[in-house]
Amino acid sequence: MSRTVDVVVIGGGFAGITAARDLKHRGFNVLLLEARDRLGGRTWYKEVNGFHVELGGTWIHWTQPFVWAEKERYGLEVQETPGCVAERVAIKVDGQVNDLQEDQLAEFLQGFELFFAEAKQVWERPYDQDHCWDAICAHDSQSVADRFAALDLTPLQRTSIGGFLEILSMNQPENASYVEMMRCWSLTGWNYEIFNDTAARYKFTNGTGELVDAIAEDGGFDVELNTSVASVQQSEAGVVVTTTNGDVVNAKRAVVTLPLNLLNSVSFDPPLSAAKQEASTLKHVGGGYKVFFEVQGDPGAVMTLSRSTDSPLIGSFTYKRGEQHSVLAGFSLEPGALDKSVDEWQAVLEEFLPGVKLLSTFGHDWGGDALSQGSWCTYRPGTIARFANALPQQEGNLVFASGDHAQAWRGFIEGAIASGSSAALGIAKSIQG
Ligand SMILES: Cc1cc2nc3c(=O)[nH]c(=O)nc-3n(C[C@H](O)[C@H](O)[C@H](O)COP(=O)(O)OP(=O)(O)OC[C@H]3O[C@@H](n4cnc5c(N)ncnc54)[C@H](O)[C@@H]3O)c2cc1C
């Protein structure tokens, strides 16, 4: 089968559906091809074990202007996540779990200020990396571990920042870029409270799926699910996209929204730039697991924190409260975390929450998922200078959009929507003038 459209969009996560909607609204004939049997990509609101949970991307905040505008535009409700503003924080420091005490708060907060003391100079304008590009490059090779090594932090500070940043980067401190962590801190106004709230306080009451549906319905673009793109060829007239079934789509432009870790899984002719290929071979290091814990009764609004060297559970917090059953959302860097038995996780959880009764665990293996090969995007140390500009760079008739190489909120739903929107605008300008 062969079809001709104005623009073909490859991938139906938030970057793809936003680009498709915006292009359709600008009068283009748009076809979106998605390999999965659903839209939404690395967001997936689903009923598991009788609970509606977000297996992937979840939390949004008004410091994220594109996604918050979508929430407002479609009138979608958000709800709070109880454990983000916890009544009790159980933290494992030097092998010992204790509740964070009122008189430790100043020490806790001062740790973040010290760790991120350079952030304001490096990301004075977090939406404009060129503004302090030299400072970004000067720190590019440093890992989170390097930054720890340079500071004289207390054990409490090391654990709280360490656990938090292991969750934010979904990898160990030696593998995560310090500059990237400073970017997130700067985007939230160099302020711990907003940093914490942005990470995990507000989620869509009816799930990210409600926003996916709203964008798709409003966009009215054509979609083919279960359709995997095998190759993309550029021609003078535009692009020729071939699916694994052998179907062909001709278009003036293509929006490529493949996750960074999958860019090399599609054959491009001419080949993608050396930088894009290298970045995709190297892969981003966002891995780990989001693990949900169904527990008996109501544990209250609790949070746990640890470093991965001290526990398989680097953090968790109450996600949904109920009288009979509640759910905690947890994070782990341990390989096979989703395969651990209830008994094994019970022993881990109980260390932080004595008396807790674990009923079941569940989650999705995004690293093992062939269509994501990772969770959210975290750059390795030493890669921003090489890849941050090269990844979103247009190549001929191919425009690139992805949460994985967005400016500002890279690695977030916000970045995906922002980059999809800007890809659509760029294409409209280049075709319509
Ligand atoms: C566990 C987890 C928790 C997260 N938590 C948060 C959070 O709380 N807040 C937040 O803002 N962000 C969070 N994120 C990150 C956020 O979900 C992503 O940054 C964002 O959804 C990425 O959108 P995208 O469109 O760029 O990529 P994707 O959503 O990955 O979309 C790319 C699409 O391309 C498709 N595709 C791949 N190969 C092909 C092919 N050959 N042909 C056709 N289609 C193909 C894929 O199936 C996919 O649907 C989380 C992510 C994960 C995994």
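**The ligand and its surroundings**

Tutor: A polar side-chain atom of Glu-34 lies 2.6 Å from an oxygen atom of the ligand, a polar contact being a pair of N or O atoms within 3.5 Å. This is a predicted model, in which local features need pLDDT of at least 70 and side-chain atom pairs count only at pLDDT 80 or more, while totals for chains, interfaces and linings use all residues. Residues are numbered from 1 along each chain as its sequence is written, and side-chain values use heavy atoms, with hydrogens and water left out.

The backbone also takes part: a backbone N or O atom of Ala-35 lies 3.2 Å from a nitrogen atom of the ligand, and a polar backbone atom of Thr-58 is 3.1 Å from an oxygen atom of the ligand. Of the 1000 Å² of accessible area that the ligand has on its own, the protein covers 97% (areas by the Shrake-Rupley method with a 1.4 Å probe). Two or more residues of the shell come from each of helix H1 (14-25) and helix H14 (413-432), where helices are DSSP runs of H or I with at least four residues and strands are runs of E with at least two, numbered from the N terminus.

In total, 36 residues surround the ligand, with Glu-34, Arg-42, Trp-59, Gly-403 and Ile-413 the closest; a residue counts here if one of its heavy atoms lies within 4 Å. By class, the shell has 17 nonpolar, 16 polar and three charged residues, with Ala, Val, Leu, Ile, Met, Phe, Trp, Tyr, Cys and Pro taken as nonpolar, Asp, Glu, Lys and Arg as charged, and the others, Gly among them, as polar.

In one of them, the rings of Trp-44 and Trp-366 have centres 6.5 Å apart and planes at 75 degrees, so the pair is edge-to-face. Because Trp-44 lies in the loop between strand S2 (30-33) and strand S3 (45-48), and Trp-366 in the loop between strand S19 (358-362) and helix H13 (384-387), the pair ties together parts that are 322 residues apart in sequence.

Finally, a cis peptide bond, with omega about 0 degrees, joins Asp-269 and Pro-270, and Pro-270 is placed in the loop between strand S14 (267-269) and helix H11 (274-282).

Terms used:
Polar contact = N/O pair within 3.5 Å; in protein donor to acceptor, adjacent residues only side chain to side chain. Phe/Tyr/Trp six-rings, centres within 6.5 Å; stacked < 30°, edge-to-face > 60°.
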